[in-house]
Amino acid sequence: MRAWWVEKPGPIVSGPLRLGERPDPSPGPGEVLLSVRACGVCRTDLHLAEGDLRPRAARRIPGHEVVAEVVGLGAGSSRFRLGERVGAAWLARTCGSCRFCARGSENLCLAPSFNGWDADGGYAELMTVHEDYAYRIPEAFTDEHAAPMLCAGIIGYRALRSSGLPPGGKLGIYGFGGSAHLTAQMAIYEGASVYVMTRSAAAQRLALELGAKFAGPAEAVPPELLDAAILFAPAGRLVPIALRALDRGGTLAVAGIHLSDIPVLDYQKDLFQERRLRSVTANTRADGRELLALAEQIPLRPTTTPYPWTKADQALLDLSLDRFTGAAVLLRPA
């Protein structure tokens, strides 16, 4: 098969990705073999390529927002049929036996693995996933529009729930890329007022088009105190800014897997009056199922920029330079 892999992590302008041939994978017990049709381009892929996340193996194939066709079944695999359209997301496997898995918090599993980090992902013609960690894709969505939901949508959904936003509350969103623009739609659908702070003028315009009450620069002070906020931008300097925009008892949820250093916090200004700061770590499979059901109900309208599958390196470069709004998606020819 043909695939992109991380040859040597480094700045994306240095060309850390390589396109070449790799042996076709074979599905193991309980796994399915997938022919990739679309793969979303996530900022985590950029972190992997640039070395902010160290690849767990040499020549790792990125990609974890995968829409694909089942083309092979491993021993004992029976959940999906050949030819069925399925999705593969960030969470590839959990141990199922640690104290966190036992209590239903498999996102905190002590021995997890992740597609595109521990296991080869969707920047390839073929990949394998365990059938228990794959999703059925609602027919309402095209491959291109479904792909971003499998990480951007799922993480945004978990971040929204983690923020503790009350019914009809005021939600601040910092950064407005692939995940944030889906999360805003979920919050507005559920009755929230949304205030967006982001550096991109195009992203500010998109936020207003989607129904945000306010959109301004990343450091802007929203016109009202917020009941909750979510930080999607990987910029630790925004943490105290977002905390100070919260009303008493508000929560700031940090949704990224990587974050630059957070400045020293002032207890009185940033945290007192029961303001809370929490991280969002991975997701559970229940998050994925609930997100896809909600996406169909709304329905979500992903803003996507398609790229030919052979232009994965260009898509990551454009992501790093904020050259598109919403989410980029790699598409393979039918």
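This is a predicted model: local features need pLDDT of at least 70, side-chain atom pairs count only at pLDDT 80 or more; totals for chains, interfaces and linings use all residues.
One of the contacts to look up is Gly-172, whose bridge partner in S13 is Ala-229.

Six strands make an open sheet, ordered S12-S11-S10-S13-S14-S15, and the pairing is parallel. At the edges sit strand S12 (214-216) and strand S15 (276-279), each of which pairs on one side only. On average, neighbouring strands in this sheet are turned by 15 degrees against each other, if you ignore direction.

**The nonpolar cores**

The largest nonpolar core has 49 residues, and the members touching the most other members are Leu-171, Ile-173, Phe-176 and Met-186. Two or more residues each come from helix H4 (152-162), S10, helix H5 (178-189), strand S11 (193-197), helix H6 (201-209), S13 and helix H9 (285-297). H4 gives the largest share, six residues.

Which residues does Leu-171 touch, leaving out those up to four places away in sequence? The list includes Leu-160, Leu-165 and Ala-187, then Val-194 and Tyr-195, and also Leu-226, Ala-228, Ala-229 and Ile-230. Ser-163 and Ser-193 are touched by Leu-171 too.

There's a second, separate core as well: 46 residues, with Val-6, Ile-12, Ala-282 and Ala-312 among them. As a general background, nonpolar side chains in soluble globular proteins tend to be buried together.

Now over to strand S17 (residues 327-331). Is S17 mostly covered or mostly open? Mostly covered: four of its five residues are buried.

| Strand pair | Sense | Bridges | Example partners |
|---|---|---|---|
| S3 (residues 31-41) and S17 | antiparallel | four bridges | Gly-40 and Val-329 |
| S16 (residues 304-308) and S17 | parallel | five bridges | Thr-304 and Ala-327 |

How does the chain get from S16 to S17? It goes through helix H10 (residues 312-320), and this β-α-β crossover is right-handed.

Definitions and conventions
Residues are numbered from 1 along each chain as its sequence is written. Side-chain values use heavy atoms; hydrogens and water are left out. Buried means under 20% relative accessible area, exposed over 50%, partly exposed in between (1.4 Å probe, protein chains only). Two strands pair if DSSP finds at least two bridges between them. A crossover is right-handed if, with the strands pointing away from the viewer, the path from the first strand over the helix to the second runs clockwise. Axes are lines fitted to C-alpha atoms, for helices over the stretch in contact, and angles run from 0 to 180 degrees between N-to-C directions. A nonpolar core is a set of buried Ala, Val, Leu, Ile, Met, Phe, Trp, Tyr and Cys residues joined through side-chain atoms within 4.5 Å. Contact means heavy atoms within 4.5 Å.
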